[in-house]
Structures are given as C-alpha cells and as structure tokens.
Amino acid sequence: MTMSKGKNFVIGGDIGCYTLGGAAPLGAMDTCVCMGGGFSVAMGMSKAFAATGQQKKVFGVVGDSTFFHSGMTGAAEILYNKGAVIPVVLDNHITGMTGHQDNPGSGYTLQGEIAAAIKIEDVLHAFGYENVIIVDPQDLTAMQKAVDDALASAVPAAIICRRPCLLIKRIRHDIGLCEVDREKCIGCKKCLKVGCPAVSIRDGKSSIDPDQCVGCTVCAQVCPVGAITRKESK
C-alpha cells in the first residue's frame, strides 16, 4: 500500500500470496514474470531506466520462501551489477501460497522438526547490504519511514517487511476485531483503499465484517476521523 502511492515508483513483483496486491485498489505491482523475478526483473528495469534517462525509483519484491528458493541470486546481482534497486522481502515465516510449507527461515523442516532458522537480514548483510531495515508492514507510519529511509540511504539498502501469517497454527495470534463508530464515520471511503475484504460500505458508511476481520488496524490508521477502533481480544 505504501509503495503504491509513489508516482515515480516501479515495483517488480513476484509469485506468491502478495501477488494479489497487484490488483485494485492497491495496484502495488508492475510486473510478475517468474519466481525470483521480483529482484531480477527490477534489476533489468533499473538499468533500462538509467539508459533512457528516466528518473524512476525501483523496488524488487519477493516473499521469504521465494528469497531462499530463487531470490538470493537476484539480490546478489543487484549489488554486483550496481543496480539502483531496493530489494524488499515480505517475511511471513511460511510458504503461504502453496500450502504452508516451512522454509529455511521458519525454524522447522518440512516434517515439522525444529531446524536452524536462517535470518534473511544476515544473508543480506553478508551480501553487502549495509542498511537492512526491518519493519512491521501493518504499521503504516513505520512502513513509510522505512521506504523513505531506504531511498535516502547513502549505502546499499534493503527492506524486510516482517509479520507472521495469521494462518500459522503454531503461533498464537492476538486478534482483536476492528469496529466502526457509525456516528463518527463520514462515509469518505478511505478505508476501502486498503483492499481489505472485511471492509465495505453499507448505507453510506463503513462496515466491518467480524468474520473476516483480523484486527490489523490498517483501516483504522487511514481513517481521518478516528471512526474505526480495535477491540482487544479476551
């Protein structure tokens, strides 16, 4: 959501649950070619933009599983070939798209046995990314700062958006549902722009389906009048 707001931003996307972010209303992905292409295609675009004098800010996006499977080579290529690309790893601690298989960063084998967890930030530091920014993507203020800091960095920078998938059964998530104060709601529809399936407009005002809400508070963060709040779970 944060990166989609930049008018001169180009986002090289990849194959995963986050590919849904390419659709409206987020529109947060410009390419989706193949697994690992989030980094490598972004690298190619950055070189093309530079050759044609276009001032574009290029981000390459992959998930944590894709990073271990075929994203590390792209991350190395960006540094080695001096690409003007900020690599972004969406780390949800699982292979979300194809059935919740574990990966080298989850701390478990495919058989569910405890294993050594490889830290994505350690890999990126080892490659030469001196400024690795770790951020909770559901904190919109922190996410904006992470993007701004990465763009302003004088040394190679990367971003890790880290928040475990809510469907991971071994993790106990604190889910407090969001609710709308219809007296405060002004019907501006800004909450619809977050792309959450739980949020809709009923009778001209915001409404949140409790069966779909996971209490992330992103809708509350964009509400200009404070009409949406989160009820703490009991």
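Strand E2 (57–63), helix H2 (64–80), strand E3 (85–91) and helix H4 (140–152) each contribute at least two residues to the lining of the second largest pocket. Helices (H or I, at least four residues) and strands (E, at least two) are DSSP runs, numbered from the N terminus. The model is a predicted one, in which local features need pLDDT of at least 70 and side-chain atom pairs count only at pLDDT 80 or more, while totals for chains, interfaces and linings use all residues. Residues are numbered from 1 along each chain as its sequence is written, and side-chain values use heavy atoms, with hydrogens and water left out.

**Pocket and core**

On a 1 Å grid over the protein atoms alone, a pocket is an open set of points with protein on both sides within 12 Å along at least five of seven lines, whereas a cavity is a set of points where a 1.4 Å probe fits but cannot get out; lining residues have an atom within 4 Å of a point. Grid points are joined across faces, edges and corners, and a volume is the space filled by probe spheres set on the points. Of the 18 residues that line the second largest pocket, Gly83, Ala84, Val85, Ile86 and Ala150 lie nearest its centre.

E2 and E3 pair in the parallel sense over six bridges; two strands pair if DSSP finds at least two bridges between them. Phe59 has Ile86 of E3 as its bridge partner. Six of the seven residues of E3 are buried, so E3 is largely enclosed by the rest of the structure. Buried means under 20% relative accessible area, exposed over 50%, and partly exposed in between (1.4 Å probe, protein chains only).

A nonpolar core is a set of buried Ala, Val, Leu, Ile, Met, Phe, Trp, Tyr and Cys residues joined through side-chain atoms within 4.5 Å. The largest such core has 40 residues, of which Met3, Phe67, Val88, Leu124 and Ile159 touch the most other members. Apart from it lies another core of 11 residues, among them Cys185, Cys213, Ala227 and Ile228.

**Cavities**

There are two cavities of 30 Å³ or more.

| Space | Volume |
|---|---|
| Second largest pocket | about 270 Å³ |
| Largest cavity | about 90 Å³ |
| Second largest cavity | about 60 Å³ |

The largest cavity is lined by 15 residues, of which Cys185, Cys188, Cys191, Ser206 and Cys223 lie nearest its centre. Ser206 belongs to strand E8 and is buried, with a relative accessible area of 3%. Among the residues lining the second largest cavity are Val199 and Ile208. Val199 stands opposite Ile208 in E8. Strand E7 (residues 199–202) and strand E8 (residues 205–208) pair in the antiparallel sense over four bridges. Their hairpin has two residues between the strands, and Asp203 in it takes a positive phi near 55°.

**Backbone features**

Most residues other than glycine have a negative phi, and most peptide bonds are trans. His93 has a positive phi near 70°, and His100 has one near 65°. His93 is placed in the loop between E3 and helix H3 (120–127), and His100 lies in the loop between E3 and H3. At 24% relative accessibility, His93 counts as partly exposed. A cis peptide bond, with omega about 10°, joins Ala24 and Pro25. Pro25 is in the loop between strand E1 (9–12) and helix H1 (37–51).
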